[in-house]
Amino acid sequence: MNEAPRRIAILGADSRIATEAARIWLAKGVHLVVVTGNPVQLRRLTDDLALRAAGLAEVDGVTADLSDLDALPALWEALRERHPDLDAVLIAQGSQPDQARCQQSPDAMLQALRLNALSAMTLLTVIANDFEARQRGVIGVIGSVAGDRGRKHNYVYGAAKGMLALFLQGLRSRLHGSGVRVLTIKPGFVITPMTEGLDRNRWLWTRPERVARGIVRAFARRRDVVYLPWFWRPILGVLQMIPEPLFKRLSP
Ligand SMILES: NC(=O)c1ccc[n+]([C@@H]2O[C@H](COP(=O)([O-])OP(=O)(O)OC[C@H]3O[C@@H](n4cnc5c(N)ncnc54)[C@H](OP(=O)(O)O)[C@@H]3O)[C@@H](O)[C@H]2O)c1
C-alpha cells in the first residue's frame, strides 16, 4: 500500500509504548480504534486521546480480554463492522511473566505464551486474510529483543516473542506482493509498568516516547523489522554470534 494509514486499530492500547504511539498518530490526524482489557483504563485512555485529538481525528474505544483466544476472531469482525475503513493495526499487548513461576507451573508458562504470542498470532490469522482480500493494509506487532536469543532469566517470555517473530517473518513472506505490509517491532529495555521493579538506571534503558516515535516512523517507511532504539540490532548481532557452549556459562 502506498498511502499512509488513515485509521489504525491499536490492541493493548493502554500499554505505555502504544499510548505514546497513539498520541503521535492523533497529532497527524490519523483516526484510532483503541482496544484494552480494562474498561476503567479504556475510559481514561479515550478521554485523554479525544482531548488531544481536538476534533481533528476520531477515537473509538473497545474493551476485550486479549488472552481469550476463542473470542478474538469475533472481536476483529466487530472492529471491522464498526470501521470498514480500518487499514492498519498495531498489536501491543504483552506482559513480563514471572520466570520462576513459569519454571514450576506449566499453567503459568502456557498463560505467558497465550498473551505474549498466541493472542497476536490468532489475531494475525484473521487480520492477514482480511487485509489480503482487500489487497491493502499495514500490520505492526511489538515483539522484543528477548526473542532473539534464549536467556536463563526470561526464556519463557523470550520463547513467546521468538515464536511471534518467526510467525511474522513467514507471514511477511506470504503477503509479499499482496499490498499488505507486515512490520516486526523489537524494542530493547523500555521504562514502562511492565518493567517496574527492575534496575532501570543503566544506559541501555529507553523511554517509551522514543520507542513510539520509532514505531510511527517504521509504519510510514515500509520497514520489515525494526530494533528500537537502533543500537539493539548490533547488540543482538553480537549476542547471537556467541557460541552456545560459552553462552550457557555466561549469565546475561
Ligand atoms: N517494556 C519493555 O521493556 C519492553 C521491551 C520489549 C518489548 N516490550 C513489549 O511491548 C509491548 C507493550 O508493553 P509495555 O512495555 O508498553 O508494557 P505495559 O505498559 O505494561 O503494557 C502492557 C499492555 O498489555 C495489556 N494486556 C495485558 N494483558 C491483557 C489482556 N489479557 N487483555 C488485554 N490487554 C492486556 C495491558 O493492558 P491492561 O493494563 O488492561 O492489562 C497493557 O496495556 C508488549 O508486547 C511488551 O512485551 C516491552
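Which residue in β5 does Ile91 stand opposite? Let me start there, keeping in mind that what we are looking at is a predicted model. The residue facing Ile91 is Val141 in β5, and this pair belongs to a stretch where strand β4, residues 88–91, and strand β5, residues 137–142, run parallel and are joined over four bridges.

Stepping back to the whole sheet, there are seven strands in an open arrangement, in the order β3-β2-β1-β4-β5-β6-β7, with parallel pairing. Because β3 (59–63) and β7 (225–228) stand at the edges and have a single partner strand each, one side of each is left without a neighbour in the sheet. Neighbouring strands are turned against each other by 15° on average, if direction is ignored.

Now to the helices. Helix α1, residues 16–27, lies across β1, β2, β3, β4 and β5, and its direction is at about 170° to β1. Helix α7, residues 208–220, lies across β4, β5, β6 and β7, and runs at about 160° to β6.

Finally, the ligand, which has 29 residues around it, with Asp14, Tyr157, Gly188, Val190 and Thr192 coming nearest. One of its nitrogen atoms is 2.9 Å from an N or O atom in the side chain of Asp65, while an oxygen atom of the ligand is 3.2 Å from an N or O atom in the side chain of Gln41, and an oxygen atom is 2.8 Å from a polar backbone atom of Val190. The protein covers 87% of the 880 Å² of accessible area that the ligand has on its own, and the elements giving two or more residues to the shell are α1 and α6 (155–175). By class, that shell holds twelve nonpolar, 13 polar and four charged residues.

Methods: Residues are numbered from 1 along each chain as its sequence is written. This is a predicted model: local features need pLDDT of at least 70, side-chain atom pairs count only at pLDDT 80 or more; totals for chains, interfaces and linings use all residues. Side-chain values use heavy atoms; hydrogens and water are left out. Two strands pair if DSSP finds at least two bridges between them. Axes are lines fitted to C-alpha atoms, for helices over the stretch in contact, and angles run from 0 to 180 degrees between N-to-C directions. Contact means heavy atoms within 4.5 Å. A residue is near a molecule or strand if one of its heavy atoms lies within 4 Å of it. A polar contact is a pair of N or O atoms within 3.5 Å; within protein, one must be able to donate a hydrogen and the other to accept it, and residues adjacent in sequence count only if both atoms are side-chain atoms. Accessible areas come from the Shrake-Rupley method with a 1.4 Å probe; for residues, only the protein chains shown count as cover. Ala, Val, Leu, Ile, Met, Phe, Trp, Tyr, Cys and Pro count as nonpolar, Asp, Glu, Lys and Arg as charged, and the others, Gly among them, as polar.
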